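Here are a few exercises to work through with the model open in your viewer. Try each task on your own before reading the solution.

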Amino acid sequence: TLDDATKLVYDEILYAIVHRKKEVQIATTDVEQMELAYLAVRYDYCDLFWLKQFSYVTYSRDDEITAIEITPEYSMTAEEQKKTQKAIDKEADRMLADAPKEGSDYEKALYVFEKLIDEVDYVEDSADNQNIISAFLNHETICQGYAYATQYLLEKLGVSCTTVIGNVSDGPHAWNLVQLDGAYYYMDTTWGNPTSNSPDDFGDVAEVVDYCFFTATTEELFQTHSPNVNFSLPECNCLDD
């Protein structure tokens, strides 16, 4: 969805994070363009668990920005990152051991949805809950961790998925946009999980898996969810899955 100039900034930001750069001047002087590119990177790449913070500085002349320098900060050393990645992949592979690898996208997505709900609890003060460490190594997370873990597992199964950031009635929230068997659907693993205490239509706490938030349409999901994006999202109106 990005134009070519923003795609270049996207690539520069991604390269800087993956290669653990600390001060990088990027190919734009437009702060909004830089922020859009960074947001898109965070939507697309659920596995940047070693990124602690992303900031930037601007350089100006005569009140006009002449350069932007990004300054990513990291939560662990390169060696710790490598060790953590190995542990995450080992756990992810275990969780996918019985996945229907030759099945339809629907079957793969249903497996991931139920697997994460079964093995990962919603805990508000869980550690590392803004990245996949919480879901795979601690088995406790919140919405951001659920969304990134869902994306991580689905992509391992060859299913196209991204994370969407937005709001629900009680504040910020994260969920997924998936492409299953040629059509788009929304998927909210957090609200499907009974331990998240998401209310049902009657205001009561659900005690079972809530499949209303598995393969939801735009019309269904946007009754409670509002995405906070600066680019268009595809309309989810297929009922096949």
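**Exercise 1. The largest pocket**

Task: In this predicted model, sort the lining of the largest pocket by residue class, then find which elements supply it.

Solution: Start with the classes: the lining has 11 nonpolar, seven polar and three charged residues. Next, look for the volume, which is about 450 Å³. Of the 21 lining residues, Thr1, Asp44, Thr162, Leu177 and Phe231 are the closest to the centre of this pocket. Now turn to the elements: at least two lining residues each come from helix H1 (4-18), H2, helix H6 (143-156), strand E6 (160-168) and strand E7 (171-180). The largest share belongs to E6, with four residues.

**Exercise 2. Nonpolar cores**

Task: Find the residues with the most contacts inside the largest nonpolar core, and then look at the surroundings of valine 112.

Solution: The largest nonpolar core holds 57 residues. Those with the most contacts inside it are Ile13, Ile70, Val112, Phe136, Leu153 and Leu154. Take valine 112 from that group: setting aside residues up to four places away in sequence, it touches Leu96, Thr150, Leu153, Leu154 and Leu157. Another core lies apart from the largest one and has 10 residues, including Val168, Trp175, Tyr186 and Trp191. As background, nonpolar side chains in soluble globular proteins tend to be buried together.

**Exercise 3. A glutamine in a helix**

Task: Decide whether glutamine 33 is buried or exposed, and list its contacts beyond its sequence neighbours.

Solution: First place the residue: glutamine 33 sits in helix H2 (residues 31-44). Then check the accessibility. Glutamine 33 counts as buried because its relative accessibility is 17%, and the cut-off for buried is under 20%. Finally, leave out the neighbours within four places in sequence; glutamine 33 is then in contact with Asp3, Ala5, Thr6, Val9 and Thr28.

**Exercise 4. Cysteines**

Solution: At 1% relative accessibility, cysteine 236 counts as buried.

Conventions. Residues numbered from 1 in each chain as written. Predicted model: local features only at pLDDT ≥ 70, side-chain atom pairs only at ≥ 80, totals over all residues. Heavy atoms only, no water. Core = buried A, V, L, I, M, F, W, Y, C linked by side-chain atoms within 4.5 Å. Buried < 20%, exposed > 50% of the residue type's maximum accessible area, 1.4 Å probe, protein only. Contact = heavy atoms within 4.5 Å. 1 Å grid on protein atoms, 1.4 Å probe; cavity = no way out; pocket = protein on both sides within 12 Å on 5 of 7 lines; lining within 4 Å. Points joined across faces, edges and corners; volume = space filled by probe spheres on them. Nonpolar A, V, L, I, M, F, W, Y, C, P; charged D, E, K, R; others polar.
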